[in-house]
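Me: I would like a close look at a single part of this model. Please keep it brisk.

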Amino acid sequence: MEKKRPQLSLDELHQLRWLLGGGLALISVWTVFYLEIDAWVLTGIATAAILAVLMRPKLPARLPPLAHKLAFPFIVAFFAWDLYSTAEVLPAIIRLDILLLLYRGVSYRKKRDDLQIIVLGLFLVMVAGVLTVSLAFAVQILVFTGCTLAFLFVITLAEAAEGREGPGPGIRGMEHGRLPAWAGGSWRRLVRRLREVADWRLLVLGGALFVGVVAVSSLLFMAIPRFQLENSFFLDRFITKKSRTGFSDSISLGDVIDIQQDNSVALRVDVSDPARIPATPYWRMVVLDEYRAGLLRTSRRLRNDMVMAAQMTPFVTGLLPPARGAPVYWTFYFEAGISRHLPVVGPFYLLRFREPQWVEQQSSLRMTALRNEPVTMTAYRVEGMSTDGFVPDRLFGAKLRSAQRGQVADKPERKEADEHGPPRVVYPLTTLQLPERTDDRQALNQMVDSITGGVRVSAEEFATRASRWLTEMHGYSLQVVLPEGNHDPVVLWMESSLPGHCELFTAAFTLLARAAGFPTRAITGFKGGDWNAYENYFMVRNSHAHAWCEVYDGGTGWFRVDPTIGAAAMTTSRQSSAAEAALGRRLDRSWQARLDAIRILWYRRIVSFDQRTQMALLLSLKETTGTIGVALREVLGAAGASLQHWLQRPWSVPRVLDWFGAALGGVTAVVLWWRHGRSWWWRVRGTRRHGRTDPVRREAGRWLRKLVEGRTERQRHSATSKVEDLDMWADLQRLRYGPRDTWPEPQAVFRRARRARRAARRTISWR
Amino acid sequence: METERWRLDAQQAQTWHGPTLRDRSRFRWNEFLWSLIYPVRNHRIMPTVPGLVLIGLALGIGSAAYNTASNILFITLSLLLACLILSGVMSSLNLRGVCWRLLLQPPARAGQKTPVTLELWNRKTLLPTYGLWFELTARPVAAGPQRAEATIRASSAEIRAAFARIEQATARAILPLRERLDPGGQARLDWLFTPQRRGVVRVELASVGSLFPFGFLRKNHGTRLRREIIVWPAPVEYRFTRTAAAARQTEGERVARPGASNDLLALRRYQTGDSHRLIHWKASARLRQLMVRQFAAEIAEGFFLWIETSPGGWTREEQFELLCRFAATLAEDLFTAGRLTGAAVNAEEPLVIRRVRDLESFLDRLAVLELPQEIHPSPAKTDVTARTRRNVITFAPEGVRGVAAYTDGEKTATT
């Protein structure tokens, strides 16, 4: 009979159960770290309390029974107050969940309480995953699943050890306020016992189970049929998230610079043809046509137009026609918390979301935004996007002339009075808007004159000259202290020789160009990015935040001008070629890029997995199967042909005899194997496994080897061996090779062997 | 995949039962497919509370996933389903390779505790087995069919009443396997049950259940393992009304069992402790080993039990039961005293009782003795007495409830 291996007692199982339950509660509570919900204090309290009772399981018994009676009313009252005071449903529910987990984590639990921990924890993890679509969710759900399975397994074992079958009133000894027997156990002892009990078979089984869960769930994830019900997700309605002010429709000087301090990735872009990526891509997000006293913003009319055009749609069409030839797809993974305005390189043919979204669009500005700030990563794919930095707008000139002629003077929206400020200029006149003060305008005109020399130049020429003038006058610095005064801050800066950042350069150029009579608007977004060499995609970080201008060329549209020092003056990058793009790309092979590559894999393979991907996968599978089938048919056909050829060869008596003999021999071998070989194989295999896997036999073998090594030295010093040594030697051999029923007590034999080895060593060292 | 460490020989295959054994010996695809539609009796899979929670969560998350096309929810759904699937696989692996057998230790006696041992053997090479439980039932065979196979003419009330009777007569026990059953390891689970009545009791391993590994599903694996055990009548107290006037022979009657008379019964090998006086020197010299004499036993007086169960005499069932108990008790007492020569029931062939085995046969007969419904011809009393010469003990009702024993027509003892 097999020697019994040690196993955990019922109390130890309860201890393990307590540990796993607390760990599960902690893992769940810690979702707040990446959920970015205001529950830090509660999370801290829950973490400290759960850790305290995990370390000292006797603590919950000190709580008076009244505390348990009041716990639930207190939690409900807290939730009601939280909901009333914050008016945010989802954060309140999450805080409620944390409170419940806290209570369950610090009180003795019955089986149903254990289940509550699992359900509450799953809710937290799932909500965090849905709201953030973060890679952290993948890690956490895997850890959570592993812990949950272990937890349920231990519960099942504890129930079996108690002799209970099926669901019942709960595991005994878990009543509130009563100290269970297992609570007095020491964790150190439990660890020691776990080490004793741990067996490679169990560890392999657990590992295989976990890998199996992951593998099967991956297969299920790919195989579950997908169909679109055209419903947007509902959780985002219950939570609000504010994006960076630098990418809103109203920014003040320095907002973009603030964003640049953050080095996290804001945008990832997959391009089906990387050669089409320009050397220095400008990712347009917000068009700011209105300027007032250092404040750039999208004018109210344009904002209203966008709001009015909002629609729930899975795709948005641009004004570009579909590209000829194979289309180039740009897949954007835009992180949450950046902006509701979607970055694109330029005009496009089609923009498609993974799921229907409320989208606002301003066609003439080529600006697309979501209605609400996205709380999760937004993925969208753009097809047929122009990358030359030119925004066609043939109607703008007519609109501008019409507005200038005052043809729409009687319309109320032309001049909208602000509640407390001067009358507001409406689009498209905003693209020519200058500071209110006359002396500021005069200063601007003087600067324009110094730039152009009083000669009328084209818009492109003016852009080049103005940019050069600005870079000659100002250096670059992120730390800028604007001069004090009642004048316009940008005009003041232009008059000074202070260094500036991209927003100042942009605002200055905008005012100069407008003063020169060229409609100009400011753009915020990102410039450039890093090419992740591990997964071949573009990483745009928040530190790439930038501001630049677009100037109307007087007839066809808007060309891009980046007046910031160090940038090309006019980047109507029609001249940038694929080769230049490839050369200009900045490769990122850092560890951060390697980690980020995992994130893009998560986005590509998991988050963006949809019906189309599933169909592509099925088609690929079908194609592979078809290819294998064709190859198999070819192999079989070739084999058949060679068999036919072999049969058609002339048959002589020796050949017939040879083949007949070979066939007979083969059949005989098969029959012999079938009758005797299998049992022989089982015996050999069983014997080998038997010897190899039995821990006692292995240990005995180890001691025999050690003693053999020691004996060669000992024999040099001692001519005779003691009788006890011989007995011990025989016992070890019996343990190693003998039948089990003749075994002596293994541990006693090993102790004797250990003593004998020590004695031999002492003898050697003494001599 | 797991492999079995030892292959069972034919004898082991007969005594050990288990899912793998049955499947290996008689696996049929059509049976397997049919079992998916119409499961085997006692094969049940019921979701537990965690299982219901899991299924509810899967349904909720699944509907949310389809409504929102959120891959996060699809991942969660896939994980839940994977857990459910692998739970089934693990449960199957847990049960695979485990076999069991029922060991009964007769004699069983009504009203006394009888041990039923269930031996388990995990024949797997690598994986241990956890958390099984075994549902055992013990039911008198005479209690009628366990299931209502023919219910066309029976009303539901009758069926319910029949089931209630069966249930009342059925003893149940659930034996949990509290510890891990290591690969190649064996375990024994004991159940002490107390049969209420004499007769044949069928001990059955109704099902093997498990919540392993995560307790999502409560699985019961029906088995067909049954053993029958004969339950002897319970002993009863009786009293002698007068000293049995058994006729004593001038010379004691010898019986063919070892004893202390002067008649040589046989020779046997010398054993340590035998008296040297008993050594048969001639035989020892001839056979070149020490042989001792063995003498026949001598009985002082012998009794013969004759149980007559004519329906005219035994009308009350309780009284008949008392008869069986009285006869069994008397037979054992007489045998212990060495004064029982034989026994007979009605017209059956008289049983000569010399050894314990003979007595057990008689008690087995008493255990299944039933009150006859029709009169069958009984042999003339003289025939029996002629064969046993004298001292025939017969039984007759004593009053409404009692039973009296008569020796050659004279009342000897009553209950």
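In which sense do strand β14 and strand β17 of chain A pair, and over how many bridges? Please go on to what surrounds them.

Reply: This is a predicted model. Strand β14 (residues 520–527) and strand β17 (residues 545–552), both of chain A, pair in the antiparallel sense. Seven bridges join them. Take A:A522 as an example: its bridge partner in β17(A) is A:C549.

Now the sheet around this pair. It is open and has five strands, in the order β3-β14-β17-β18-β11 of chain A. The pairing is antiparallel. In general, strands of a sheet pair through backbone hydrogen bonds. At the edges of this sheet are β3 (282–288) and β11 (390–392) of chain A. Each of these two pairs on one side only. Neighbouring strands are turned by 30° against each other on average, direction ignored.

A helix packs on the sheet: α17 of chain A, residues 502–515. Helix α17 touches β14, β17 and β18 (557–561) of chain A. Its direction makes about 10° with that of β17(A).

Next, the nonpolar core. The largest one holds 235 residues. Among the members that touch the most others are A:A508, A:L512 and A:V551. A:V154, B:L305, B:A327 and B:A331 also belong to that group. Helix α8 (residues 135–162) of chain A gives this core its largest share, 15 residues. On chain B, B:A327 touches B:L305, B:I307, B:L366 and B:F395, not counting residues up to four places away in sequence. Another core lies apart, with nine residues, including A:A700, A:W703, A:M728 and A:W729.

Key: Residues are numbered from 1 along each chain as its sequence is written. Chains are lettered from A and ligands numbered from 1 in the order in which they are written. This is a predicted model: local features need pLDDT of at least 70, side-chain atom pairs count only at pLDDT 80 or more; totals for chains, interfaces and linings use all residues. A nonpolar core is a set of buried Ala, Val, Leu, Ile, Met, Phe, Trp, Tyr and Cys residues joined through C-beta atoms within 7 Å. A residue is buried if 20 or more other C-beta atoms lie within 10 Å of its own, exposed if 12 or fewer, and partly exposed in between; C-beta atoms are placed from the backbone. Helices (H or I, at least four residues) and strands (E, at least two) are DSSP runs, numbered from the N terminus. Two residues are in contact if their C-beta atoms, placed from the backbone, lie within 7 Å. Two strands pair if DSSP finds at least two bridges between them. Axes are lines fitted to C-alpha atoms, for helices over the stretch in contact, and angles run from 0 to 180 degrees between N-to-C directions.
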